[in-house]
Amino acid sequence: MKKLFLLTILLHLTFIVKAQTSLSLDSCRALALTNNKDLLISHEKINAAHYQRKAAFTNYLPNFSATGAYMRNQKEFSLLNNDQKAALSGLGSNLAGPIGQAAAGIIATYPELAPLISSLSGSLPAALDQAGNSLVDALRTDTRNVYAGAITLTQPLYMGGKIRAYNKITKYAEELARQQHNGGMQEVIMSTDQVYWQVISLVNKKKLAEGYLKLLQQLDSDVEKMIAEGVATKADGLSVRVKVNEAEMTLTKVEDGLSLARMLLCQLCGLDLSSPITLADENMENIPLIPTDTHFDLSTAYENRPEIRSLELATQIYKQKVNVTRAEHLPSIALMGNYMVTNPSVFNSFENKFKGMWNVGVMVQLPIWHWGEGIYKTKAAKAEARIAQYQLQDAREKIELQVNQAAFKVNEAGKKLVMASKNMEKAEENLRYATLGFREGVIATSNVLEAQTAWLSAQSEKIDAQIDVKLTEIYLKKSLGTLQ
């Protein structure tokens, strides 16, 4: 029971600490960058491009491979036909008649050699049969079970520049993946900043709506007292109550919008949508604005924008693809080396032993005629390279336009903020005089309602102008590639 109680207390404290956690803009950015799935994917693309570059470098190095095979043949290869085998196996028997006739002639001429000739003529056919059988056995191939193996070395010497071009392509591809990752990071930062300041805007509008509702409720209470005293009419009371209802509805809408904005920020930060987050800048009455320098150097924007760098890398990749395409129709030279073993082996007649030999050579492949295929493919690759170059030029022009538009928006937002601040001062002064005149009974209820509505509108416009300045600053930094 005590353990359960302690666990409950700990969970409650954890919830309190979590509920009191305040997130700054930097912490929201860090969470968003850490948990964004697109950034995680682009990071893995960087890893993949890195290993592809390492794999491409191995094409410069010699390649070793091993091959092994076993084959079972139904029949054995034979160097002799059946008649030859029969003749050799019965060599002595076939020569027995001629040998006997020759022996009889020798004995008739030389009677004293009769014992020797008789012994030889009796054993010679058998010896010849045995020698013939031995020869037949020696010429057997025994190729029903065949084993073979080889170790091969291949060293490219010249491949028409294909290996060098492919290594450059993988190098550019890795850098391209990094630039795309950086571009994704800027997009995430920009989205996070926009939602962060949107939450701050809605928090301030909620405070404004609550303050406006309190003013109307106070006015409603004062009008009710005046109606009771016979100083105000029921129509005045109804007008005020209508405004109170509108203020309550406005507050509800602002609260709903604020809840959705917080949920969106939680989603961007990788937090649970129901997390009770608070932001560090929620209590700021006036959002701090840093003066933005709208004087810029376009060359800096070109250097910092990931899109420009990505298109530059894409242009280099397409140029190298032209070299790869051209290399496919150029001569290629490679050094070859092998060590091969077989069983049965044929290096010392046919033997059931593993024996082998090595060989070294140079392989040259020279395309002769392909009906202009290589020329057409090379021209197509050059066309793709020109397309990439045109896309780069077009992107530079659009970025120049985008940067100028962002600068104009910053200046415009600054002017709107100055105007909104002046309108706010006037609205506060009018509200102060209207409230004072109403209490003294010299200003009608409708005039007070107009002054309060004007004050609400001016205050809301000021908040919108402050947020607009912030967002245009972010957009300008994004256009210049300096958002970080």
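**Surface patches and strands**

Mentor: Start with helix α12, residues 373-440, which gives the largest share of the positive patch, 3 residues. Keep in mind that this is a predicted model.

Trainee: OK. Which residues gather in that patch of positive charge?
Mentor: Arg326, Lys379, Lys382 and Arg386. They gather on the surface.

Trainee: Where is lysine 382 found?
Mentor: In helix α12.

Trainee: And why does lysine 382 count as partly exposed?
Mentor: Because its relative accessibility is 38%, and partly exposed runs between under 20% for buried and over 50% for exposed.

Trainee: New topic. Which residues form the nonpolar patch?
Mentor: Leu157, Tyr158, Val362, Val364, Leu366, Ile368, Trp369 and Trp371. Together they have about 1,000 Å² of accessible area. Strands β3 and β6 (355-365) are the elements that give two or more residues to the nonpolar patch.

Trainee: Take leucine 157. Is it buried or exposed?
Mentor: Leucine 157 is exposed, because its relative accessible area is 53% and the cut-off for exposed is over 50%. Leucine 157 is found in strand β3.

Trainee: What does β3 pair with, then?
Mentor: Strand β2. The two run antiparallel, joined by 10 bridges. β3 covers residues 145-158.

Trainee: Which residue stands opposite valine 146?
Mentor: Methionine 71. Valine 146 is in β3.

Trainee: Last one. How many residues of β2 are buried?
Mentor: The count is 0 among its 10 residues, 63-72. Strand β2 is hardly covered.

Conventions. Residues numbered from 1 in each chain as written. Predicted model: local features only at pLDDT ≥ 70, side-chain atom pairs only at ≥ 80, totals over all residues. Heavy atoms only, no water. Patch = residues over 30% accessible without salt bridge, like charges linked within 9 Å, V, L, I, M, F, W, Y side chains within 5 Å. Areas by Shrake-Rupley, 256 points an atom, 1.4 Å probe, with all protein chains shown as cover. Salt bridge = Lys/Arg side-chain N within 4 Å of Asp/Glu carboxyl O. Lys, Arg positive; Asp, Glu negative; His and termini not counted. Charge placed at Lys NZ, Arg CZ, Asp CG, Glu CD. Helix = DSSP H or I, 4+ residues; strand = E, 2+ residues; numbered from the N terminus. Buried < 20%, exposed > 50% of the residue type's maximum accessible area, 1.4 Å probe, protein only. Pairing = 2+ DSSP bridges.
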